[in-house]
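Please look over the sequence and the structure first.

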Amino acid sequence: MRKVWIKQADLIPKPFYKRKLFIFFILVFVFSVIFIIYQFKFINQLSDTNRDLLITERHRREEMITQAKNKLLDISPQQAPSSTREIILGIRIRDLDNYQQKYPNQLFRCLDGSKEIPFAKVNDDYCDCQSDGSDETFTNACSNGKFYCKKQMRHKTGRGSDVWVPTSRINDKICDCTDCSDEFL
Amino acid sequence: MSRRLCLLIFTLFIINALAVDKNNFKTCEQASFCKRSRNVNYEKSPYEIVPNTLNINANYITADIVNKENGHLFVLKLEGIKGNTFHFEIDEKTPLKPRYRVVDALQKEPTYEAVKVSSSTSDITVTCGENKAVISTAPFKIDFYQKDVLSVTANSKAKMHFEHLRKKLEGEQHQQNNENEEKDNVVDNNQQIQDEPGTWEENFKGHHDTKPNGPTAVALDFTFHQSNVLFGIPEHADSFALKTTVGNGDPYRLYNLDVFEYELNSRMALYGSVPVIYGHGEKGTTGIFWQNAAETWIDIAGTSNEQNVMESIVNFVAGSRNQDAPSAHFISESGIMDVFVLLGPTPNEAFKQYTDLIGHGNLPQMFAIGYHQCRWNYNDEQDVMSVAHKFDEHDIPMDTMWLDIEYTDSKKYFTWDHQKFPHPVEMIKNLTDMGRHLTFIIDPHIKRDSGYFFHNDCTDRGYYIKTKEGKDYEGWCWPGSASYPDFFNPEIRKYYADQYLMENFHENSPETGIWNDMNEPSVFNGPEITMLKDNLHYGGWEHRDVHNLYGQMQLVGTFDGLIRRSQNQLRPFILTRAHFSGTQRYAAVWTGDNAAEWGHLEAAIPMCLSLSVAGISFCGSDVGGFFGNPEAELFSRWYQTSAFMPFFRSHAHIDTKRREPWLFPEETKLIIRDAIRKRYSFLPFWYTIFYEHERTGMPIMRPLLAQYPLDKNVFSIDTHFMLSDKLLIRPVMQKGASKVDVYFPSRNGDKQGDIWYDIDDYRKIDHVGSESVTVNAYKVPVFQRGGTIIPRKMRIRRSAILMHDDPITLVVALDAKKHAKGTLYIDDEKSYGYRQGKYLYLEFEFKDGVLSSRLIDESASYNTKTWLERVIIVGLDKVPTEATLRTSSNQSTKLEIVDASKTSFTIRKPGVSMMEPTWSITLN
């Protein structure tokens, strides 16, 4: 007769706290859930930080809008372009660097690299970067320009594409961004 | 039940008719009056002026005419009209009862001019201004001279034929007369007419026409002595230059008919009739407006467009033409001879002489010039809104959503189907909030349904067209059994117009457009799909007398209703299918139910050109073709063609596949998007030429011969057209084309031409003749004439009205002398304020390196936010280093020059407001 070897665990069940592998997976699962919850919190914080990055103070943002308003309302080209350009409406955070003038006489390079123009021509209501419309982020001047809405839908899931509307829809009295950030006048 | 029946009938239509069923429509042989008149063949016309009956008045003369065959007397009245125009009419002297004369076509009483008369026994010469009309007394004919050049002759071929009203000879009397030995020629002749079958009654496909008035035809021929081509008399799906019909099939027919799946290259009647014809040759242009609303046939002879090359060479060598001068023989079933002779002498002057009589097309609202999205049918509210949103999603501009008949509650107009459209008012508002409009259909047939207020009112008050017995006429149309209001009665027109008012039709908005379809009128079970000719209208007139005017009288009502709906504020937008002389005063016209075939795309241009020269400029075709499913290439080429035609609407039959641009491959969608966006970039130009059309009456869309009358090669070209005198368009209309031949016309008939610039890359073309232009899928060959300035707006938005305040780009294309001129018109784009001087009309001129602007109408003013964004100068050899702007307040500003290339450069952001009364930009 052949002797059959049977595991002790099969005869006498182990208490669950002694099943190391099982406990290990349970712990991994619990930790991952806690981590994800934590991440959610963090993502929320991140988006707040983003907002701070874009607009450090609320009143400053409003100031910008007023500037933009004045700019758009005043069509005469004689007026010297505004010197404060740190914050630009309608751009993506990742392009922020491109829109910041770091030293005098620095040129703005269209995002597709097609052309370089003085920073004074950025958002002056005339389309200079005709190939991608990137110099006019919050005016209607470029027929192919993109205005990135303030509220980007991607921050909850981390996925999805940028939320933008054609610049032709800025300030046309029709709300296109979910937060209506395209109507700022 | 009736809906089901209607559907059944409709399905039968679809199954039976893969193309037009010609048997449904009469040939000239089958229309007895046409047959009789066409066969008139006198050696010498029997009509003569009766001696000593000449009456001379300040602005006109009258004389009696006698028909020598039967002694019947007629009266001729000839008068001079300001601006190289004569008018004459011939009516019976003492008719048994009055004969119908058209009173609703002319816009107003023409301005008559004094005439001088000299007469001899053989002729009477009537001089008016520089022109004269010479009436030969026996046989009767009239020669019209423009200055001293013989332009046109009436009755030179002795085809004049006037069937006077007569009593029907009863059988017995008839017999007696035959037996009467002493019968004279007069009776004999009468007898001949009486004997012809079809004279006193006529049968066609089971329909009986009782003809209570007997034979009433009028016919007259006109010879155009200076002409090589004849054109006009829309609407036919045929070439722009008319073909010879004598001895070559049927004449051209004018009888408003709902032709199912109409055929190309055909002289069959279509939806509309404008009885104006022009003859054109190098020596001048002459027009004839035959004012008659009855069924009319036009027999054409001697047009040279079918000559082969060999023949032309022989003629050229021989120095004369071997053919007679072209002639047109007008044959109408009833009415009187009522003729306006338009003496040109240039094509544009002749067109203007016609529109000065009939009325100029009105400036539409801006949205109407944008792109229209239509389909039979957008099924419900969600469908309408989702299509509108999809246009935004794909960033394709669109101005108007359309609703075909299915929006109604079982085809009862002025009601909504509340199952599918529970919130019409909100739906309209949602569209309006997006800068868009809605247009819906109101047809003239009224459902016979005792629960329908309109029907009850019409029945109670006797508003319907009557049968010869005096009962309400009942026909069959979309709703099933239907009757037709008699729009000739002013009271009925007012009642009908009242239905558009907000207080009567709540689910409406002052902003919606109206589409009047099926107004030929279309009667599915009637003779030739229309109404019985012996039906009776207001004033006791037979339908035979007024048929071609019926649709237009509906428009008069609709127009009045829409004006009153907005308290005289907004310019109405109406689209109509049936049309007549004068329709341009009320509505836009489209070319009806075409098909998704390349041939129908090509036909759109000659059809709209013919309408344009006949005063109706606001014309377009159904993009993609109404019947059938267009392939992707055809569909995109159709968009490209229509983007440069005045009325731009996509439309499709209910049985076709859905065809919104995004349902096609991505590439096709992008081509369509590009074409529509190109249209929108030209909106300021479109709006300006629409305004100039109202101001001058000259067509918007013009045949090449209008601008290049001396170039014989363009006389028969109808694949090209011009917008105003500025753009030359030669759309791609062939499948798989990689090249198209574009003809650049000559100004003097020789080698001297204009300079042209391709609007896409500003390539310069400075030679006369054909050039093969390479095209890709996106390319529409469009050329701006050197010497013109065109205003554009480069910021394309989702709809035309949202572009109202956007800045202007001027494209200055220079001629050989480095000179250019152009205009720009600005107003609020919707109201009648411009008629009270609330507009700006600017003229730009580039001369000696200076671009300047001035107000053409200095008294007019309008507050606009529009400013000058850029000036593109094309065709200057040297690129200046900079430019200086000087405004009227003497401020000067330095401007930058950017984007310089071989042929063009751009002046960056002059920024001057369009309100600035004068300004100039000097190139340094």
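Cys374(B) is buried, with a relative accessible area of 2%. The model is predicted. Across all chains, 6 disulfides are counted.

- Cys374(B) takes part in no disulfide. The nearest cysteine sulfur belongs to Cys619(B) and lies 16 Å away.
- Cys458(B) has its closest cysteine sulfur in Cys477(B), at 15 Å. A disulfide needs the two sulfur atoms within 2.5 Å, so 15 Å is too far for a bond.
- Cys458(B) counts as buried because its relative accessibility is 0%, and the cut-off for buried is under 20%.

**Cys110(A) and Cys129(A)**
- These two cysteines form a disulfide, with their sulfur atoms 1.9 Å apart.
- The link between Cys110(A) and Cys129(A) is left-handed, with -80° about the S-S bond.
- The pair connects distant parts of the chain, 19 residues apart. Cys110(A) sits in the loop between β1 (107-109) and β2 (116-118) of chain A. Cys129(A) sits in the loop between β2 and β3 (146-148) of chain A.
- Cys110(A) and Cys129(A) are both buried.

**Cys175(A) and Cys180(A)**
- The sulfur atoms of Cys175(A) and Cys180(A) are 2.0 Å apart, and the two form a disulfide.
- This link of Cys175(A) and Cys180(A) is left-handed, at -95° about the S-S bond.
- Cys175(A) has 38% relative accessibility, so this residue counts as partly exposed.
- Cys180(A), at 30% relative accessibility, also counts as partly exposed.

**Cys608(B) and Cys619(B)**
- Cys608(B) and Cys619(B) form a disulfide, their sulfur atoms being 2.0 Å apart.
- The S-S bond of Cys608(B) and Cys619(B) has -75° about it, which makes the link left-handed.
- Cys608(B) lies in helix α14 (residues 598-613) of chain B, and Cys619(B) lies in strand β32 (residues 619-620) of chain B.
- Cys608(B) is buried, as is Cys619(B).

**Pairing order**
- In chain A, the bonded cysteines, numbered in sequence order, pair as 1-3, 2-4, 5-7, 6-8.
- In chain B, the bonded cysteines, numbered in that way, pair as 1-2, 3-4.

Key:
Residues numbered from 1 in each chain as written. Chains lettered and ligands numbered in written order. Predicted model: local features only at pLDDT ≥ 70, side-chain atom pairs only at ≥ 80, totals over all residues. Heavy atoms only, no water. Helix = DSSP H or I, 4+ residues; strand = E, 2+ residues; numbered from the N terminus. Buried < 20%, exposed > 50% of the residue type's maximum accessible area, 1.4 Å probe, protein only.
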